[in-house]
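Reader: I have a few questions about the terms used for this model. Please give me the value, the cut-off and the conclusion each time.

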There are 6 protein chains.
Amino acid sequence: MMQKRAVLLVVLLLHSHVVFASDPDPVLDFCVAPKSSANSNHSCKNSSAVTVEDFTFSGIKYPGNYSQTGFSAMPVNSNVFPGLNTLGMSFVRADFDVGGINVPHFHPRATETAFVLEGRIYSGFVDTSNRIFAKVVEKGEVMVFPRGLLHFQMNVGDTPASILGSFNSQNPGLQKIPTAIFGSGIKEELLEKAFGLSAREIAKLRRKFVPH
Amino acid sequence: MMQKRAVLLVVLLLHSHVVFASDPDPVLDFCVAPKSSANSNHSCKNSSAVTVEDFTFSGIKYPGNYSQTGFSAMPVNSNVFPGLNTLGMSFVRADFDVGGINVPHFHPRATETAFVLEGRIYSGFVDTSNRIFAKVVEKGEVMVFPRGLLHFQMNVGDTPASILGSFNSQNPGLQKIPTAIFGSGIKEELLEKAFGLSAREIAKLRRKFVPH
Amino acid sequence: MMQKRAVLLVVLLLHSHVVFASDPDPVLDFCVAPKSSANSNHSCKNSSAVTVEDFTFSGIKYPGNYSQTGFSAMPVNSNVFPGLNTLGMSFVRADFDVGGINVPHFHPRATETAFVLEGRIYSGFVDTSNRIFAKVVEKGEVMVFPRGLLHFQMNVGDTPASILGSFNSQNPGLQKIPTAIFGSGIKEELLEKAFGLSAREIAKLRRKFVPH
Amino acid sequence: MMQKRAVLLVVLLLHSHVVFASDPDPVLDFCVAPKSSANSNHSCKNSSAVTVEDFTFSGIKYPGNYSQTGFSAMPVNSNVFPGLNTLGMSFVRADFDVGGINVPHFHPRATETAFVLEGRIYSGFVDTSNRIFAKVVEKGEVMVFPRGLLHFQMNVGDTPASILGSFNSQNPGLQKIPTAIFGSGIKEELLEKAFGLSAREIAKLRRKFVPH
Amino acid sequence: MMQKRAVLLVVLLLHSHVVFASDPDPVLDFCVAPKSSANSNHSCKNSSAVTVEDFTFSGIKYPGNYSQTGFSAMPVNSNVFPGLNTLGMSFVRADFDVGGINVPHFHPRATETAFVLEGRIYSGFVDTSNRIFAKVVEKGEVMVFPRGLLHFQMNVGDTPASILGSFNSQNPGLQKIPTAIFGSGIKEELLEKAFGLSAREIAKLRRKFVPH
Amino acid sequence: MMQKRAVLLVVLLLHSHVVFASDPDPVLDFCVAPKSSANSNHSCKNSSAVTVEDFTFSGIKYPGNYSQTGFSAMPVNSNVFPGLNTLGMSFVRADFDVGGINVPHFHPRATETAFVLEGRIYSGFVDTSNRIFAKVVEKGEVMVFPRGLLHFQMNVGDTPASILGSFNSQNPGLQKIPTAIFGSGIKEELLEKAFGLSAREIAKLRRKFVPH
């Protein structure tokens with residue numbers, strides 16, 4: 001009898017990720033997500049098992065490999081750094097090759113402050129009245145991107161550039177416009193009408209961004 | 001002497017909109033924004049001057065005029081309906097001509113529940129892993145668009161369609177992708193690289209979406 | 001040995017509903033509550049098992065059966081529509097027979113915007129200074145009921161009426177005054193003193209509202 | 001010219017209370033509301049004018065006068081104690097004559113913890129499933145009333161009783177059921193149907209609770 | 001096979017406390033933490049097992065034993081009183097012997113309102129500009145300590161004193177300066193430089209506060 | 001007559017700082033605080049006067065001058081960088097001479113993520129059970145300090161060190177323990193008892209930290 005119930009339970013747990021789903025005021029000093037839970041979640045590692053290593057992160061000392069657009073991003077949210085769980089913050093290291101770009105994107109759940117570690121970066125955002133706020137920022141300068149607004153960056157200097165972005169959410173999320181629009185499978189007819197492009201032009205864009 | 005100070009004050013007030021800047025727990029039953037303050041703001045109309053008219057809205061009984069994409073939206077936020085001020089909600093009526101579309105867009109500050117008043121509407125959103133969730137919803141059905149995620153709609157029925165969208169912010173904001181990306185003045189080179197399009201193709205898109 | 005522990009665990013889980021207990025900023029795109037958990041809760045369905053059906057709701061296309069007061073309400077919170085989990089919104093369809101009423105009630109955890117789908121409805125709320133704000137609203141009009149304040153409705157038209165109410169909580173709660181006061185078992189003496197009624201009058205009211 | 005503008009401004013300010021309308025995370029150590037602003041509001045007294053007197057309150061040392069139901073309440077929110085402004089808390093002293101009652105009521109914007117200072121008090125609340133949780137609490141005991149739920153108290157001891165209630169809002173609000181329902185002017189027909197009472201019975205109740 | 005999975009599960013659960021990690025708007029009437037979960041957590045006791053005893057607390061009727069500084073504190077957070085879980089409040093009873101002190105401390109997650117139950121207490125806090133706000137408060141008076149600011153108390157009367165402190169968090173936390181600074185193991189050199197004390201002086205302080 | 005009113009108004013405004021007092025969800029894209037308001041406040045600069053310069057900050061490119069403890073901090077909150085107003089974030093640049101320390105302190109209103117720009121820094125925090133979490137972090141590593149908990153740093157490398165700290169509040173606040181405790185004027189007797197020090201020892205400490 002006991003065994004039957006246990007089976008039921010196990011199946012249930014294998015079918016659903018237990019994940020942490022809020023960025024509110026904490027009610028504990030901290031709540032380090034246990035390794036065993038892939039995603040940021042609400043169970044907390046037993047505090048006696050928590051060590052200082054849970055609150056430090058060493059994975060962004062060096063840049064990652066550049067993408068086709070000369071860009072590398074290493075987002076460090078609570079999934080990657082479980083000590084951030086419930087603390088309402090996360091960060092990202094982004095590196096730009098000469099001429100490299102961070103495509104227009106936005107973070108649905110956070111404001112970002114971007115500190116330039118190296119280089120000169122054309123950097124900007126668009127507000128909900130379609131007004132652009134953009135300029136070149138350089139080493140030691142900071143630009144703020146208000147929560148949920150479209151923003152973008154391009155290395156306009158002669159050397160590689162990098163930034164440290166900080167967020168006021170443990171998991172800000174990221175929607176990159178080109179892939180979200182042209183690589184997700186939105187009905188062609190809708191895209192044609194939305195952008196005023198022909199079926200052929202949309203098809204060409206989709207080929208670029210739909211994952212193979 | 002008094003007059004000099006008053007001048008100073010007046011100048012100050014003409015230079016800065018006093019606006020209400022948060023969607024938190026209210027600390028009053030209500031706080032109807034006075035007409036005199038164009039934007040949603042933190043001063044509240046004297047409660048003795050508040051009437052039931054402040055809490056009712058009659059401006060979305062009828063559809064608006066269709067845009068070029070066969071679409072009409074009448075967003076009713078706290079700027080339009082001052083009784084919503086501090087109450088954490090707003091709404092929109094949207095109408096679709098046959099084949100009309102609501103271009104891909106997102107609301108930076110709210111989840112939306114869209115109730116279909118009339119018609120059959122292809123409706124969907126894209127999550128941050130670029131996965132699409134889309135289907136045709138019809139009269140009496142509801143679709144939810146999670147906060148800050150890209151979504152879109154198209155009337156796929158044979159008659160005009162309309163929806164009532166509700167938001168959990170008094171001012172959810174709206175970024176329409178085509179105009180925000182191609183109509184705001186983002187550096188051409190960045191757009192070319194982001195979308196893999198030629199200078200000519202980007203220029204053509206910009207001509208469509210930059211306001212004249 | 002293992003079996004003993006498993007028994008313990010199972011018993012524990014059978015004794016406590018794991019429920020989701022907050023309406024804060026989300027930290028995930030969405031968190032669809034798994035079917036197996038009766039109540040809105042913090043575990044999320046494995047995202048690979050999530051489909052568009054989780055974000056659409058078809059259960060309020062038609063009115064429900066009228067109660068004795070000529071009223072039918074179909075509240076759609078995160079228990080009924082698990083896709084709303086963590087998204088901070090829910091809604092209700094309410095239908096009124098001619099002369100039907102929605103008794104004075106309030107929602108402890110949400111503001112409501114009520115959109116009139118059909119008919120003419122006397123609609124109002126009372127603020128904490130006991131001031132009433134009431135009027136007849138009709139098809140296409142909207143009334144807002146501020147969070148936690150008493151409100152009520154009556155179909156004063158010649159035909160059935162219906163509304164769509166939207167809430168800024170995934171589970172706004174509902175306290176109907178007649179049943180909460182006279183049907184819950186509050187000490188008679190207290191009720192007599194509170195309403196200035198005789199023991200017989202209170203007894204009569206209780207007979208009406210105490211469930212049989 | 002200056003004079004004309006100043007007139008405009010003054011008129012504007014006389015027509016609208018500037019009030020503080022939220023209970024969120026503070027961004028300052030404190031923000032004492034200036035005396036000159038009748039209501040809790042967002043301007044803060046110049047910090048150099050703030051003294052320790054702004055953070056202490058001496059007005060509830062002694063009970064107030066009993067009402068007809070043998071009850072006295074002295075609510076201390078941010079309007080009365082401006083130092084509470086933005087700090088998210090307030091409190092109330094309530095005194096009960098022998099047999100005195102606190103009529104069924106709720107606070108739309110706060111949970112309450114009620115500590116019994118003296119006496120024995122029948123005390124309870126009703127949840128949204130109309131289930132009652134009530135018992136006699138005595139000196140030194142505490143009962144919690146969850147946010148927005150109906151609750152009530154009666155002194156069932158042989159001596160006067162008193163409590164200190166604390167709230168997690170600077171202005172929790174208060175709706176007393178008898179006056180809000182029968183003293184606010186809700187349409188008679190609606191009340192008759194809601195409570196199953198005759199026009200005469202409702203009229204009698206209204207005479208008791210409508211202010212003269 | 002089933003047994004292997006169950007073992008896995010049990011191990012996982014023994015390694016991680018499931019704790020409730022937020023103080024946001026509730027989405028349920030209440031969520032009483034089950035006894036079996038040592039810490040405040042997100043699972044809720046099955047509501048049919050909830051009784052009025054879950055919402056009342058009798059453990060602070062009498063003072064505790066005085067510490068070496070003539071002080072006794074009985075903090076009642078959601079760990080001690082599970083009915084507070086998700087309701088955003090907690091409280092403490094503190095007793096002071098003649099001359100007894102509550103050492104400088106702060107609560108990282110809450111504002112406190114301290115009501116004097118008995119006696120005369122020198123009471124104050126320090127703001128972030130190092131300005132002190134202190135005075136003697138007596139029976140029936142209230143002092144508010146803004147969220148996260150250092151505060152302290154000393155019984156300056158001729159008789160024992162006591163207070164009831166209330167908090168707007170279910171688990172406000174507490175850092176006592178002497179033990180947190182000198183009893184936690186911060187590097188000596190850092191403490192010497194921070195306080196301008198010699199190695200011997202720091203060693204003496206550490207001997208007092210490091211737990212043996 | 002008009003002039004008299006204007007005088008009244010001016011006096012009122014000179015006596016109270018209008019300051020922004022919350023860190024909640026924004027309801028606008030942004031709300032740049034006007035220069036004329038010394039403190040972070042709720043009026044927003046007219047959006048037509050807002051430029052990209054309002055969202056970029058250049059003031060922390062170079063280190064400041066070291067204090068006596070070999071430390072320099074340049075906090076950049078919404079008072080210094082008005083574009084941060086309502087966006088829920090701020091940051092600080094801190095520089096350490098060889099052996100320089102950041103004294104034990106805490107931020108009452110924010111979590112901090114500290115990214116090491118240069119050098120090797122002993123870095124740690126103390127939780128509310130007086131447990132220390134400390135280690136040496138170096139260039140490119142990040143340590144998180146949970147909201148409201150005591151933390152501290154010391155340059156243990158052979159070269160100057162610096163960090164970029166980010167906060168999830170527009171104005172996190174800062175309490176430095178040595179000055180807050182010994183430099184604010186807390187009653188000597190209380191400090192003697194709290195730290196187990198003699199009147200002479202306390203007097204010596206106070207001489208170091210009371211501002212002259």
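Reader: In which strand of chain F is Thr56(F) found?

Author: This is a predicted model. Thr56(F) belongs to strand β3 of chain F, residues 56-57. A strand needs at least two residues.

Reader: Why is Thr56(F) called buried?

Author: Buried means under 20% relative accessible area. Thr56(F) has 9% relative accessibility, so Thr56(F) counts as buried.

Reader: What does Thr56(F) contact, leaving aside its neighbours within four places in sequence?

Author: Its contacts are Phe81(F) and, in chain A, Lys135(A), Val137(A), Val142(A) and Met143(A). Contact here means heavy atoms within 4.5 Å.

Reader: Which backbone oxygen lies 3.4 Å from a polar atom of the Thr56(F) side chain?

Author: The backbone oxygen of Val52(F). The cut-off for a polar contact is 3.5 Å.

Reader: What makes Lys61(F) and Glu138(A) a salt bridge?

Author: The closest N and O atoms of Lys61(F) and Glu138(A) are 3.0 Å apart. The rule asks for a Lys or Arg side-chain nitrogen within 4 Å of a carboxyl oxygen of Asp or Glu, so the pair qualifies. Across the interface of chain F and chain A, the rule finds six salt bridges. It also finds 23 residue pairs in polar contact there.

Reader: Which strand of chain F gives the most to the side that touches chain A?

Author: β9(F), with five residues.

Reader: How many residues are in contact between chain F and chain A, and how much area do they bury?

Author: 51 residues of chain F are in contact with 50 residues of chain A. The two chains bury about 4,000 Å² between them, with 63% of it on carbon and sulfur atoms.

Reader: How do you know that the copies meet through the same surface?

Author: Of the interface residues of chain F, 98% are also interface residues in chain A, so the surface is the same.

Reader: Now chain B. Which residues of helix α3 are buried?

Author: Leu190(B), Leu191(B), Ala194(B) and Phe195(B), in a helix that spans residues 188-195. Seen down the axis of α3(B), they fall within an arc of 110 degrees, so they line one face of the helix.

Reader: What follows α3(B)?

Author: Gly196(B), with a positive phi near 65 degrees.

Methods
Residues numbered from 1 in each chain as written. Chains lettered and ligands numbered in written order. Predicted model: local features only at pLDDT ≥ 70, side-chain atom pairs only at ≥ 80, totals over all residues. Heavy atoms only, no water. Helix = DSSP H or I, 4+ residues; strand = E, 2+ residues; numbered from the N terminus. Buried < 20%, exposed > 50% of the residue type's maximum accessible area, 1.4 Å probe, protein only. Polar contact = N/O pair within 3.5 Å; in protein donor to acceptor, adjacent residues only side chain to side chain. Arc of directions from axis to C-beta. Buried area = accessible area lost by both parts, 1.4 Å probe.
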